[in-house]
Amino acid sequence: MKKDIKNGFTLIELLVVISIIGILAAIATASYSSAQKQARDTTRKSDMAQYRTSLEMYANKNDGLYPEYNSKRDPSSNLCTPLGLTCPGPEDPKYDGIGIYYYSYISDGTGVTGLPKATQYVLWAPLESAPSTTYWIVCSGGKSGTRLNLVPSSGVCPL
């Protein structure tokens, strides 16, 4: 007697394979999202370093003084002209004009806005791959690092 054997997969086998593929896809998507956040944070840190370099070059030409802004400013639009950058300067990779992702600059001067009268400055930007209120901070004098729950309110370095 010959058995009738059919080639193919059972419903259970297909469901197991589909569920395994779904799990792998979910893991890959989560990893990709995390990698994107880390890449944008790296871009932010690089942009802050570019602003630092431009600010130090500006200070070298202006007796060690930085552009003065005694309230929080967007450096991509406010600093590009004094620093000789093409406007707009580097902007946050996630900047949309209204959200929380933008770069900020403040100095310790109290005179005429935009003139070289400040002796200290602080640049900062929010990070994505860290807790939601973590900022990357760059100060005059070469210090840089992260701070939690701190938005600078003067040109004095909080690090």
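Visitor: What share of the contacts in the protein chain between residues at least 6 apart in sequence join residues at least 24 apart?

Guide: A contact means heavy atoms within 4.5 Å. In this predicted model, 55% of the contacts in the protein chain between residues at least 6 apart in sequence join residues at least 24 apart. Residues are numbered from 1 along each chain as its sequence is written, and side-chain values use heavy atoms, with hydrogens and water left out. Because the model is predicted, local features need pLDDT of at least 70 and side-chain atom pairs count only at pLDDT 80 or more, while totals for chains, interfaces and linings use all residues.

Visitor: Which pattern does the protein chain follow when read along the sequence?

Guide: Helices (H or I, at least four residues) and strands (E, at least two) are DSSP runs, numbered from the N terminus. Here the protein chain has three helices and six strands, and along the sequence the pattern is α-β-α-α-β-β-β-β-β.

Visitor: What radius of gyration does the protein chain have?

Guide: The radius is taken over C-alpha atoms, and the globule rule is 2.2 Å times the number of residues to the power 0.38. For a compact globule of 159 residues the value would be near 15 Å, but the protein chain has 25 Å; its C-alpha trace spans about 100 × 30 × 25 Å along the principal axes.

Visitor: Is Leu24 buried or exposed?

Guide: Buried means under 20% relative accessible area, exposed over 50%, and partly exposed in between (1.4 Å probe, protein chains only). Leu24, placed in helix 1 (residues 11–61), has a relative accessible area of 54% and is therefore exposed. Of the 159 residues of the protein chain, 31% count as buried.

Visitor: How many aromatic pairs does the structure hold, and how is such a pair described?

Guide: A pair of aromatic rings is described by the distance of the centres and the angle of the planes. Rings of Phe, Tyr and Trp (its six-membered ring) pair if their centres lie within 6.5 Å, and planes under 30 degrees apart count as stacked, over 60 as edge-to-face and the rest as tilted. The structure holds four aromatic pairs. One of them joins Tyr51 and Tyr103, whose ring centres are 6.3 Å apart with planes at 80°, so the pair is edge-to-face. Because Tyr51 lies in helix 1 and Tyr103 in the loop between helix 3 (80–83) and strand 2 (104–107), this pair ties together parts that are 52 residues apart in sequence. Tyr51 counts as buried at 1% relative accessibility, and Tyr103 counts as buried at 2%.
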